[in-house]
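Please read this briefing beside the sequence and the three-dimensional view, which are shown next.

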Amino acid sequence: MENKEFKAGVLYTAAAYILWGFLPIYWKLVQNVPAGEILAHRIVWSFVFMVLLLSFSKKWRPFIRECKQILRDRQRLVGITLASIVISINWLVFIWAVNSDHVVQASLGYYINPLISIILGMVVLKEKLTKWQLVSFLLAAAGVVNLTISFGVFPWISIMLALSFGLYGLLKKTVAISAMFGLAIETLIVMPIALIYLVSRQTVAGTAPEVFTSTTGLLVLSGVATAVPLLLFASGAQRIPLSMVGFLQYFAPTLMLFIGVFLYGETFTHAHLVSFTCIWAALAIYTVSRTKWFHHLESRFSRSY
């Protein structure tokens, strides 16, 4: 039974990261729409999808109870409100990056993300930094510095994506809520702003929106594209060790990198190669250092000397 659960966990988690990895292709299909408008649609239709899901799964009563508990708990309310704002910023930057031909830089952001999370944990949660985590962070920092020096431009897209997603994860730890309820509440919080923005766009344009178009269909389905990977991840991650989740998470940025370079023909220079090599090495060290056999090997080596 445990083996089946483990296999299911790996399958669900890998599927989530693979879907996230292919997400740039989805946003490219609606690149004629401004990034802010895509974000607004994503928020609205994600909420609509979650309402339908809550209805079909008959979880309305637990959801309402959860909402009431959050309203009574000021810390959780502030935490989930900030989380909804931070993830909206992350979505906006990612959509803009993809549709502005910066998929490679977006992939770099999600490679850096685990290392940003280490620093946030150290600064905010007062977690201790191991020597191997320090080595990983310094290697990743060297990669970012190399890109900055080579191109004369700070890779703000990568840093913004990594920082916003890292902050989102940190805020979610303070709230402790299921993925289904979390996404429903987060989109509910920012939905009024999204609706006002969409209405104002139509008012400024002075025309009624076209209803039956492929672009409209894709924007409506963005709710499904947002919710499905998240729910798969939530279902899979609870079945497998955190170290396995950490390994599988690199599927997404690797797919993004390949899509950016081979599908959309984005530039991948020698400077990119050096920086990505630094970051890949950092991630390899970080991932291996979290395994039990590495700690066992390290302790045996320490005793030998």
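The model is predicted. In the UniProt record, an unreviewed entry, the annotation "domain: EamA" covers residues 8-145, and a search of the whole structure finds five salt bridges. The largest nonpolar core has 61 residues, and the count of aromatic pairs comes to 15.

**Annotated span**

**Salt bridges**

- Among the five salt bridges found in the whole structure is the one in which the side chains of Arg201 and Glu37 meet, at 3.1 Å from N to O. Arg201 lies in helix H8 (residues 179-205) and Glu37 in helix H2 (residues 35-56), so this pair ties together parts that are 164 residues apart in sequence.
- Another salt bridge joins the side chains of Arg76 and Glu66, with an N to O distance of 2.9 Å. Arg76 belongs to helix H4 (residues 74-99) and Glu66 to helix H3 (residues 60-72), so the parts tied together here are 10 residues apart in sequence; Arg76 and Glu66 are both buried.
- Lys172 forms a salt bridge with Glu186, and the closest N and O atoms of the pair are 2.7 Å apart. With Lys172 in helix H7 (residues 156-175) and Glu186 in helix H8, the pair ties together parts that are 14 residues apart in sequence, and both Lys172 and Glu186 are buried.

**Nonpolar cores**

- The largest nonpolar core has 61 residues, and those with the most contacts inside this core are Trp27 and Phe94. When residues up to four places away in sequence are not counted, Trp27 touches Ile38, Arg42, Phe94, Ile95, Val98, Asn99 and Ser222.
- A second, separate core of 21 residues includes Ile116, Ile118, Ile279 and Leu283.

**Aromatic pairs**

- The structure has 15 aromatic pairs. One of them is formed by Trp20 and Phe233, whose ring centres are 5.9 Å apart and whose planes stand at 50 degrees, so the pair is tilted.
- This pair links distant parts of the chain, with Trp20 in helix H1 (residues 2-28) and Phe233 in helix H9 (residues 214-237), 213 residues apart; Phe233 counts as partly exposed at 22% relative accessibility.
- The rings of Tyr111 and Trp280 have their centres 6.2 Å apart and their planes at 80 degrees, so this pair is edge-to-face. Because Tyr111 lies in helix H5 (residues 103-124) and Trp280 in helix H12 (residues 270-289), the pair ties together parts that are 169 residues apart in sequence.
- Tyr111 is buried, with a relative accessible area of 3%, whereas Trp280 is partly exposed, with a relative accessible area of 33%.
- Phe94, Tyr110, Phe165 and Tyr168 form one aromatic cluster, and Phe94 is also one of the residues with the most contacts inside the largest nonpolar core.

**Helix H7**

- At 1.5 Å a residue, the 20 residues of H7 should span 28 Å, which agrees with the 28 Å between its end C-alpha atoms. Just after H7, Ala176 takes a positive phi of about 55 degrees.
- The buried residues of H7 include Ile157, Leu161, Gly166, Tyr168, Leu170, Leu171, Lys172 and Val175, and among these Tyr168 takes part in the aromatic cluster, while Lys172 forms the salt bridge with Glu186.
- Leu171, which lies in helix H7, counts as buried at 17% relative accessibility, because buried means under 20%. Not counting residues up to four places away in sequence, Leu171 touches Gly79, Leu82, Ala83 and Val86.
- From C-alpha to C-alpha, Leu171 and Thr226 are 19 Å apart in space, and the two residues are 55 residues apart in sequence.

Terms used:
Residues are numbered from 1 along each chain as its sequence is written. This is a predicted model: local features need pLDDT of at least 70, side-chain atom pairs count only at pLDDT 80 or more; totals for chains, interfaces and linings use all residues. Side-chain values use heavy atoms; hydrogens and water are left out. UniProt positions are given in the numbering used here, feature names are shortened, and annotations may be inferred rather than shown by experiment. A salt bridge is a side-chain nitrogen of Lys or Arg within 4 Å of a carboxyl oxygen of Asp or Glu. Helices (H or I, at least four residues) and strands (E, at least two) are DSSP runs, numbered from the N terminus. Buried means under 20% relative accessible area, exposed over 50%, partly exposed in between (1.4 Å probe, protein chains only). A nonpolar core is a set of buried Ala, Val, Leu, Ile, Met, Phe, Trp, Tyr and Cys residues joined through side-chain atoms within 4.5 Å. Contact means heavy atoms within 4.5 Å. The expected span of a helix is 1.5 Å times one less than its number of residues. Rings of Phe, Tyr and Trp (its six-membered ring) pair if their centres lie within 6.5 Å; planes under 30 degrees apart count as stacked, over 60 as edge-to-face and the rest as tilted.
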